[in-house]
Amino acid sequence: MIRILFLSASALSLVAPAMAQPGAAVTAANRAALREPSRAGYVDAVQVYPYAEGALYRLYAAPGRVTDIALQPGEAVTSVAAGDTLRWTVGDTMSGSGEGKRTHILVKPFSAGLRTNLIITTDRRVYHLELESRASGAMAALEWRYPHDELIALRREEVAAAAARPIASGLAVERLDFRYAITGDKPAWRPLRAFDDGRQTFIEFAPSIAVGEAPPLFVIGDDGEAQLVNYRVAGRYYVVDRLFGAAELRLGGKQQQVVRISSAHAQRRKGQ
């Protein structure tokens, strides 16, 4: 027996959009991810795209012209794959040396009116390009800038600049007193040492304190109670504008880590 199923027009109207939806979603996603050349993005003849993971980058080529795709200096290519290798020529070359050595992917179409894609994988990231050939108006070259890397570099510069700044002015070396004991837990942020100049107390940490979570400082009063104290951060130092007999650095919730800083000459300082 053969059964024939008939769908009404209303039923078909519900099925058709559902069947077309995956293709429409892909088209819409690709269109939203596509980055086109812009006048503001050009540096001389080079189109500079801001790199974003998952973005598609447009490359316009022309027959008889080679377009240069320049990668980040020091970046090593692991693979290059083009959708159409019959009508597109894809090659590579290098420029520079040492840390400035740079890979260039060179593409050239055989004719106008061609479209394909190119995927470049490296030891740092993946590039997705949409290639289109036209009779004229080929892009001479394109490259990327890397906002994430720029932010990391800026942060490192800020940390280095802060570390290079003097923690205080007018310090008399002969007045510095290093008779402080550091006891308690041993977290990654445990200070290296503490000292004072008779007026201020300085707590020195490892350079990694700049990129991790910093513990708050509490001064232990004569009654044994912990009190928050005002201090400022200067590079990898806490600078407290007073002297104290004992203080604690505390960080964490239920399993709190505590590091105690004790002055070996606290009795002399009572009343200050």
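Buried here means under 20% relative accessible area, exposed means over 50%, and partly exposed covers what lies in between. By that definition Tyr57 is buried, and Trp144 is buried as well. The model is predicted, and the values below are computed from it.

**Overall composition**

- The protein chain holds three helices and 20 strands, and 33% of its 272 residues count as buried.
- Among the contacts in the protein chain with a separation of 6 or more, 61% are made by residues 24 or more positions apart.
- The protein chain exposes about 16800 Å², and carbon and sulfur atoms supply 54% of that area.

**Nonpolar cores**

- The largest nonpolar core has 22 residues, and the members that touch the most other members are Ile69, Leu129 and Trp144.
- Two or more residues of this core come from each of β4 (56-61), β8 (102-109), β9 (115-122), β10 (126-133) and β11 (141-145), and β4 gives the most, with four residues.
- Leaving aside residues up to four places away in sequence, Leu129 touches Tyr57, Leu59, Ile69, Thr116, Asn117, Leu118, Ile120, Leu142 and Trp144.
- Another core, of 18 residues, lies apart from the largest one, and its members include Phe205, Tyr238, Val240 and Leu249.

- Thr103 has its place in strand β8 and is buried, because its relative accessible area is 6%, under the 20% limit.
- When residues up to four places away in sequence are not counted, Thr103 touches Ile69, Ala70, Leu71, Glu75, Val77, Thr93 and Met94.

**Nonpolar surface**

- Val77, Val80 and Val90 make a nonpolar surface patch of about 170 Å².
- Val80, one of the residues in that patch, lies in strand β6 (residues 77-82) and is partly exposed, with a relative accessible area of 36%.

**Aromatic pairs**

- A search of the whole structure finds 12 aromatic pairs. In one of them, the rings of Tyr57 and Trp144 have their centres 5.4 Å apart and their planes at 80 degrees, so the pair is edge-to-face.
- Because Tyr57 lies in strand β4 and Trp144 in strand β11, this pair ties together parts that are 87 residues apart in sequence.
- Tyr231 and Tyr238 form a stacked aromatic pair, with 4.6 Å from centre to centre and 25 degrees between the planes.
- The two partners of this stacked pair can be described by their accessibility: Tyr231 counts as partly exposed at 30%, whereas Tyr238 counts as buried at 3%.
- Ring pairs also link Tyr49, Tyr51, Tyr57, Tyr127, Trp144 and Tyr146 into a cluster.

**Salt bridges**

- A search of the whole structure finds 12 salt bridges, and in one of them the side chains of Glu143 and Arg102 meet at 3.1 Å, N to O.
- Glu143 lies in strand β11 and Arg102 in strand β8, so their pairing ties together parts that are 41 residues apart in sequence; Glu143 counts as partly exposed at 21% relative accessibility.
- Asp177 forms a salt bridge with Arg179, and their closest N and O atoms are 3.1 Å apart.
- Arg236 is partly exposed, with a relative accessible area of 26%, whereas Glu204 counts as buried at 6% relative accessibility.
- Salt bridges that share partners join Glu36, Arg58, Arg115 and Glu132 into one network.

Key. Residues are numbered from 1 along each chain as its sequence is written. This is a predicted model: local features need pLDDT of at least 70, side-chain atom pairs count only at pLDDT 80 or more; totals for chains, interfaces and linings use all residues. Side-chain values use heavy atoms; hydrogens and water are left out. A nonpolar core is a set of buried Ala, Val, Leu, Ile, Met, Phe, Trp, Tyr and Cys residues joined through side-chain atoms within 4.5 Å. Buried means under 20% relative accessible area, exposed over 50%, partly exposed in between (1.4 Å probe, protein chains only). Contact means heavy atoms within 4.5 Å. Patches are made of residues with over 30% relative accessible area and no salt bridge: like charges are joined within 9 Å, nonpolar side chains (Val, Leu, Ile, Met, Phe, Trp, Tyr) within 5 Å. Accessible areas come from the Shrake-Rupley method with a 1.4 Å probe; for residues, only the protein chains shown count as cover. A salt bridge is a side-chain nitrogen of Lys or Arg within 4 Å of a carboxyl oxygen of Asp or Glu. Rings of Phe, Tyr and Trp (its six-membered ring) pair if their centres lie within 6.5 Å; planes under 30 degrees apart count as stacked, over 60 as edge-to-face and the rest as tilted.
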